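Student: Could you take one part of this model and go through it with me slowly? I would like to follow how a careful description is built up.

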Amino acid sequence: MLTKRIIPCLDVRDGRVVKGKNFKGLSDVASPVDLGSFYSECGADELVFYDITASAEGRRLFTQILTEVASKIFIPLTVGGGINTLEDFGRVLKCGADKVSVNSGAIKDPQLILEAAKRYGSQCVVLSADVKRVDGSYHVFAKGGREDTGLDAVEWIKRGESLGAGEIVLNSIDTDGVKQGFDHQMLSDVCGSVSIPVIASGGAGCIEDFIELFKELPFVDAGLAASIFHYGEVSIADLKKVMAANGIPARL
Amino acid sequence: MIAVIDYGVGNLFSLKSSFAALGLEAVVTSDPLVLAKADHIVLPGVGAFGDAAEKLKTSGLWDVVKSEAHCGKPLLGICLGMQLLLEKSYEFGQFEGLGLIPGEVKPIADKLAEKDASEGSSFAADLKIPQMGWNSLIMTNDSPIFKDTKNGEFMYFVHSFYCDAPAENVTSVCEYGAKLTASVQNGNVYGCQFHPEKSGPAGLRILSAFASL
């Protein structure tokens, strides 16, 4: 059976992972290569590397790091952050990324989804959306969740799917960082009827949050989180065991 | 030396790195002479069947791959590369394949609909296409590339079409509503629907076993 995926997300700035501590046996928790290897060995099903660098120098370093990660870690790698053009897709795919996540870049130019899907295949185009409740509806936010685009999230996700996105990451700004569980209501309302894989993000605080997510929302294919993994609050190995014990298909 | 065929389709970086991690020399190439000199050939591929077949023909490698395989050289097709080994594909039209393995490439959706019709299930409605993620192998026939692989090991799949091949050529399947072909073999020609280069240590063991043929 196809398993539910667990995906740690690593924010990288100037070649270093931004968050991270409490890793037993890891001398340098800020090294994307070491942390990536650590997660891969713990059973992470996929890794997301998010480039939060603004400078050209930082971007160059990121590309270098990505190449190093991809030459040592043999599980799927998704790369996001600063993807605005087809050239950006090419740049990270050439360094060993398998999928590319677009967010603000696709909001500015939705055709980017179509063009990238045509050139590289839908399987490598991930549409990531930061969504927040505004006046009773769901709005898509750009620029790392700082700017309300006014776009209706349900419409946006549908549009992304029809333009050729191969996967959706839905990040709830409302539950992000709250650690009280994933945003089930938003996930159902926004992604309940899409026919491509859905990755839930925002709100996980403990193992049970993932169990509830997969039990209650069968259309969700994967759970993504950052700090709870980086700070050691949830161990991926333990999480996988509990998933299996609860009858949720997991890769052990 | 292992030759990884570069015909402008797919991410070859991981494949090359995987062999490097195993301490094996792999050359990414579109040169027929290099293919002729290689001990093993890997045919990768992502995207659509028709485009890929066309690119392989335009690059002049279609016949080279066939003749090298006919001479008995170990050949491994991965993902779309495996599908190209079969006789025919129905992905966005009808296309001729390399014909190195009997069988045809068909939509997963059709297979699920067929099963639903006969069993009253609702897989076609419930399961997403493509199958994307980790699924476990159910071994159906012995194959030397699985000499270090256990039944039930997880591999990473991304595909919307599957290989409908004779049972004697299918070496493993995975369960996705129906049993979908996960790997095939016909003599010295091998195919994996999943990506061994993206399937962690378990995948590397398969690449290593292939390279030791």
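**Where the two chains meet**

Tutor: Let us look at the contact between the two chains of this predicted model, to which chain B gives 24 residues and chain A gives 23 residues. On the side of chain B that touches chain A, the elements that each give two or more residues are α1 (13-21), β8 (131-136), β10 (154-159), β12 (170-176) and α8 (200-211) of chain B. Of these, β8(B) provides the largest share, with five residues. If we sort the residues of this side by class, we find 10 nonpolar, 10 polar and four charged.

Turning to chain A by itself, we can follow helix α3 (residues 86-94) and helix α5 (residues 111-120), whose axes come within 10 Å and cross at roughly 40°.

Another helix of chain A, α8 (residues 207-216), holds E212(A), which counts as partly exposed because it has 16 C-beta neighbours inside 10 Å. Although E212(A) and H184(A) are 28 residues apart in sequence, their C-alpha atoms are 9.2 Å apart in space.

Notes. Residues numbered from 1 in each chain as written. Chains lettered and ligands numbered in written order. Predicted model: local features only at pLDDT ≥ 70, side-chain atom pairs only at ≥ 80, totals over all residues. Axes fitted to C-alpha atoms, helices over the stretch in contact; angles between N-to-C directions. Helix = DSSP H or I, 4+ residues; strand = E, 2+ residues; numbered from the N terminus. Contact = placed C-beta atoms within 7 Å. Nonpolar A, V, L, I, M, F, W, Y, C, P; charged D, E, K, R; others polar. Buried ≥ 20, exposed ≤ 12 C-beta atoms within 10 Å, placed from the backbone.
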